[in-house]
Amino acid sequence: MELKDLKPAEGSTKARKRVGRGNGSGTGKTSGRGMNGQKSRAGGGKNVGFEGGQTPLARRLPKLPGFKNINHVEYLPVNVSRLDEKFEAGDVVDGESLKAKGIIKHADALVKVLGDGDITKALTVKVDKVSASAKAKIEAAGGKVEEPC
């Protein structure tokens with residue numbers, strides 16, 4: 001068998017419709033487009049998404065997908081391992097000290113301490129939120145957590 005011997009499966013191909021080749025062909029004269037009207041002309045017909053003059057669905061929907069919760073609060077994450085490497089024992093960890101150490105950019109940003117890593121120093125943590133695992137690790141190291149109410 002050679003490349004020239006390959007043929008498509010029986011019935012899988014179909015000859016293209018040759019329009020405008022005389023009345024005897026069945027698609028002569030108007031070439032299967034009927035009489036007059038928008039669809040009989042070259043380039044005629046409505047564009048994709050046209051809904052008869054009604055504002056199309058694509059324009060009625062909002063531009064960006066998804067749902068934006070207006071009450072969502074964004075916290076900057078800080079891990080206990082980062083506190084352990086940047087602070088000395090007995091230090092107070094708050095927005096000002098985190099900014100001074102270069103951990104966060106703005107002192108008034110909302111901060112949440114997360115429990116990734118280990119902590120060996122006793123620190124007093126005064127931030128907006130502390131995860132349960134971080135709180136357990138800080139207290140196990142001899143520190144204390146003071147969250148605002």
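How many salt bridges does the structure hold by this rule? The count comes to five salt bridges. The model is predicted. The views below show some of these contacts and their surroundings.

**View 1**
E146 pairs with K126, with the closest N and O atoms 3.7 Å apart. This pair links distant parts of the chain. E146 sits in the segment after β6 (144-145), and K126 in the loop between β4 and β5 (129-130), 20 residues apart. E146 also forms a salt bridge with K144, and here the closest N and O atoms are 3.5 Å apart. Shared partners join K126, K144 and E146 into one network. E146 is partly exposed, with a relative accessible area of 31%. K126 is partly exposed at 40%. K144 is partly exposed at 46%.

**View 2. T124 is buried in strand β4.**
The strand spans residues 124-125. T124 has a relative accessible area of 15%, so it counts as buried: the cut-off is under 20%. Which residues does T124 contact, leaving aside neighbours within four places in sequence? They are D91, V92, V93, K144 and E146. Two of these contacts, K144 and E146, are themselves joined by a salt bridge.

**View 3. E2 and K4 meet in a salt bridge.**
The N to O distance between their side chains is 3.7 Å. Is K4 buried or exposed? K4 is exposed, with a relative accessible area of 69%. E2 is partly exposed at 48%.

**View 4. M1, L3 and L6 make a nonpolar surface patch.**
Together the three residues have about 440 Å² of accessible area. Where does L6 lie? L6 is in the segment before α1 (57-60). Its relative accessibility is 52%, so L6 counts as exposed, the cut-off being over 50%.

**View 5. K101 lies over the face of F87.**
K101 is placed at 5.3 Å from the ring centre of F87. How many aromatic pairs does the structure hold? The count is zero.

**View 6. K29 and S31 have positive phi values.**
Most residues other than glycine have a negative phi. K29 is not a glycine, yet its phi is about 50°. S31 is also a residue other than glycine, and its phi is near 60°. K29 lies in the segment before α1. S31 is found in the segment before α1 as well. Are these residues buried or exposed? K29 counts as exposed, at 68% relative accessibility. S31 is partly exposed, with a relative accessible area of 23%.

**View 7. Q38 contacts G44, G45 and K46.**
These contacts leave aside neighbours of Q38 within four places in sequence. Q38 is found in the segment before α1. How many residues apart in sequence are Q38 and E139? They are 101 residues apart in sequence. In space, the C-alpha to C-alpha separation of Q38 and E139 is 79 Å.

Notes
Residues are numbered from 1 along each chain as its sequence is written. This is a predicted model: local features need pLDDT of at least 70, side-chain atom pairs count only at pLDDT 80 or more; totals for chains, interfaces and linings use all residues. Side-chain values use heavy atoms; hydrogens and water are left out. Patches are made of residues with over 30% relative accessible area and no salt bridge: like charges are joined within 9 Å, nonpolar side chains (Val, Leu, Ile, Met, Phe, Trp, Tyr) within 5 Å. Accessible areas come from the Shrake-Rupley method with a 1.4 Å probe; for residues, only the protein chains shown count as cover. A salt bridge is a side-chain nitrogen of Lys or Arg within 4 Å of a carboxyl oxygen of Asp or Glu. Helices (H or I, at least four residues) and strands (E, at least two) are DSSP runs, numbered from the N terminus. Buried means under 20% relative accessible area, exposed over 50%, partly exposed in between (1.4 Å probe, protein chains only). Contact means heavy atoms within 4.5 Å. Rings of Phe, Tyr and Trp (its six-membered ring) pair if their centres lie within 6.5 Å; planes under 30 degrees apart count as stacked, over 60 as edge-to-face and the rest as tilted. A charge sits over a ring if NZ of Lys or CZ of Arg is within 6 Å of the ring centre and within 35 degrees of the ring normal.
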